[in-house]
Amino acid sequence: MAYIIGEIGQNHNGSVDIAKLLIEVVSRPIHDKLFGKELKVMDAVKLTKRDLSQELSASQMNRIYDTKHSFGKTYGEHRAFLELSDEEHHEVYQYAKSKGLDFVETLCAVGCLSMLKLFTPDKLKVASRDLTNLPLLAALAETKIPIILSTGMGGREELDNALDEITRYHSDVSILHCVSEYPTRHENVNLRTITYLQKNYPHFKIGYSDHTIGIATPIAAVAMGAKIIEKHITLDRQMKGTDQQGSLAIDGIYRMVRDLRNLELALGKEKMVIEESVKVAREKLERSIASNKNLKAGKVITVEDLHMLSPGDGFKWADKNLVIGKKLTKDIPKDEIIYKEHFI
Ligand SMILES: C=C(OP(=O)(O)O)C(=O)O
């Protein structure tokens, strides 16, 4: 089953309570009315930690940021408002674990590793923008915590360099196909890259980090064999914040997980099998050899006497030679199935 990560990112709007509320919601199992079963929603939630001293150029940090989504007068103030402290990350981690969820953390700079003194996330995520940040990759890999690597801005060369760096320390690495376009238009998603990654990186788990609107693309990614799905989640798509509108709210999260889990069940086996469950329909609806006219006892059956009718519990046409040439032991009216006990 695919491992589903709910990316909270900055949709907590700087509030531990909002992060906890989201975790509370995605840790509640959903009851699938159609199939009468309970489904676990997310396997993990994810937060992102930035070190603002290692984030942006001074001019970018000091630029006026005056939009309806801004939480500060400058972009730097806005970012600072959205940043949770190490202790707050720890609190959210503990809450997620208490709710039975894994906790994944994107660490955006070497300075962020201080957080690991407080707790150990289940996995570390490398955001697409840091695929080429080899010093950061080395520092993350040195912790020996499993790594999930996103590739939304890179190609083969960048990915190979990143893997070379990380695998100097360990090889518990998963690779996520991703397109860093927000939101990603469907024509740019290139889901077939998942197949490319599966073929070219067979020793790594391949997944997909989604930025499209809606739920079709992550579900299709699972159909293509993605083993990890990351999707942005929010309490309400109308909330203040640049990422809220492109994220899935509760209803969408539930639908995605329900459809994705049902799809996994539906993928089933590769060979052609006649399932037990089909047998009822098969007996009722398939065709059997039947009389196409009134046939008298003693008649030797010929191909001209036969056609095919339902139900399907008699002879198949492929077995017609078991019937043709046999002598009827009783009258068979027109349009009746001819069974074994009707002839010798
Ligand atoms: C931006 C992130 O990831 P991705 O590149 O997969 O969107 C992240 O993990 O913070």
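Tutor: The domain bounds used here come from an automatic or database domain assignment. For the protein chain, that assignment gives domain 1, covering 3–267, and domain 2, covering 276–342. Between the C-alpha centres of domain 1 and domain 2 the distance is 62 Å. The model is predicted, with an ipTM of 0.98 and a pTM of 0.91. Across the protein chain the pLDDT averages 96, and 99% of the residues reach a score of at least 70.

Turning to the ligand, the space that it takes is the largest pocket. The residues that surround the ligand are Glu7, Lys46, Thr48, Thr106, Lys125, Ala127, Ser128, Ser150, Cys178, Tyr182, Ser209 and His211. Sorted by class, this shell holds six polar, three nonpolar and three charged residues.

In lysine 125, an N or O atom of the side chain is 2.7 Å from an oxygen atom of the ligand. Threonine 48 also places a side-chain N or O atom 3.3 Å from a ligand oxygen. For histidine 211, the separation between a polar side-chain atom and an oxygen atom of the ligand is 2.7 Å. As for accessible area, the ligand taken alone exposes 300 Å², and the protein buries 90% of that.

Key
Residues numbered from 1 in each chain as written. Predicted model: local features only at pLDDT ≥ 70, side-chain atom pairs only at ≥ 80, totals over all residues. Heavy atoms only, no water. Near = heavy atom within 4 Å. Polar contact = N/O pair within 3.5 Å; in protein donor to acceptor, adjacent residues only side chain to side chain. Areas by Shrake-Rupley, 256 points an atom, 1.4 Å probe, with all protein chains shown as cover. 1 Å grid on protein atoms, 1.4 Å probe; cavity = no way out; pocket = protein on both sides within 12 Å on 5 of 7 lines; lining within 4 Å. Sits in = over half its atoms within 2 Å of the grid points. Nonpolar A, V, L, I, M, F, W, Y, C, P; charged D, E, K, R; others polar. pLDDT = per-residue confidence, 0-100.
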